[in-house]
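Please keep the sequence and the structure in view while reading.

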Amino acid sequence: MNKISARNNDKIKEAVKLRQKKTRSASSLFCFEGIKLYYEAIASGISFVDIFVTEKAYERYKLANTQAAGRMTLVSDSVFEKLTHEQTPDGIFCVAQKWIPQMPVNETKMIISSVRDPGNVGTIIRSALAFRLGQIVLSPDCADIFSYKVIRASMGACFKQSIKFSENLLEEIDNLKNCGYNLIAASLSEKSRPLDTVLLNNKCCFVIGNEGHGLDEDVVAACHEEVVIPISEKSESLNASIAASILMWEMKKVCHEV
């Protein structure tokens, strides 16, 4: 097996550039690291381009016996330090082709608008898979699902969850209305009804907004109704990913077996 010991190796430099969205977009590649995500990617049929591993990781995880071993290149500890995002890395860093999001497994949907924090987007995707949500719809200004932080926060759920990228959220809402969906904006306004008073079914679609200012007024106005998750008066609001997870759990109780 080949080994790279030079930090200025061309393959290593190109892999590091994948931290930038413009490089991911131009190359249709993305990167991630860690042994769990490696196995999740294999199980999900992700197509690997390069896999950089330290000698210690290669032996520890018995990587010679894994399905994608043919794509592996050994790297020195110094080189891996240039690749890794982690303080205590597993010693495996992967470059792969962007995947095509899965088709929805059922008709339940949730719209995510302007959620720019990659940790929140990744956590929402992870919850969506766990609670069997049919599809996540992302506005164009959400965090890039191919970013390292989103993939890490999703713990590989992004490889399996159905995700749609909407270029125009208002058009998306109108299309869903025409398909018989009840659009429900998660909002802290005076018009919002408590979540436990809203009747839910497969054709309900919650809309979740930005961590800071919530949903834009035109998005709220386009929805059929507004809902709020009742919380303690001592707390101002919930994190976007937590709110989304609670709403998905409530939908699961109605639409699927708990």
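Among contacts with a separation of 6 or more in the protein, 77% join residues 24 or more positions apart. The model in which these contacts occur is predicted. The protein contains ten helices and twelve strands, and its C-alpha trace spans about 60 × 35 × 35 Å along the principal axes. Of its 258 residues, 51% count as buried. The protein exposes about 13000 Å², of which carbon and sulfur atoms supply 48%. Its side chains include 31 positive and 31 negative ones, and the centres of these two sets lie 7 Å apart.

Attention may now turn to helix 3, which comprises residues 35-43. Its buried residues are I35, L37, Y38, E40, A41 and I42. The elements that cover them include strand 2 (29-33), strand 3 (48-53), strand 4 (72-75) and strand 5 (92-97), together with helix 7 (148-154). After helix 3 comes G45, a residue with a positive phi, near 80 degrees.

Within helix 3, E40 deserves a separate look. Why does E40 count as buried? The relative accessible area of E40 is 17%, and E40 is therefore classed as buried, because that term applies under 20%. Leaving aside residues up to four places away in sequence, E40 touches M155, G156, F159 and K160. With K160 there is also a polar contact, made between the side chains of E40 and K160 at 2.7 Å.

Definitions and conventions
Residues are numbered from 1 along each chain as its sequence is written. This is a predicted model: local features need pLDDT of at least 70, side-chain atom pairs count only at pLDDT 80 or more; totals for chains, interfaces and linings use all residues. Side-chain values use heavy atoms; hydrogens and water are left out. Buried means under 20% relative accessible area, exposed over 50%, partly exposed in between (1.4 Å probe, protein chains only). Helices (H or I, at least four residues) and strands (E, at least two) are DSSP runs, numbered from the N terminus. Contact means heavy atoms within 4.5 Å. A polar contact is a pair of N or O atoms within 3.5 Å; within protein, one must be able to donate a hydrogen and the other to accept it, and residues adjacent in sequence count only if both atoms are side-chain atoms. Accessible areas come from the Shrake-Rupley method with a 1.4 Å probe; for residues, only the protein chains shown count as cover. Lys and Arg count as positive and Asp and Glu as negative; His and the chain ends are not counted. The place of a charge is taken as NZ of Lys, CZ of Arg, CG of Asp or CD of Glu.
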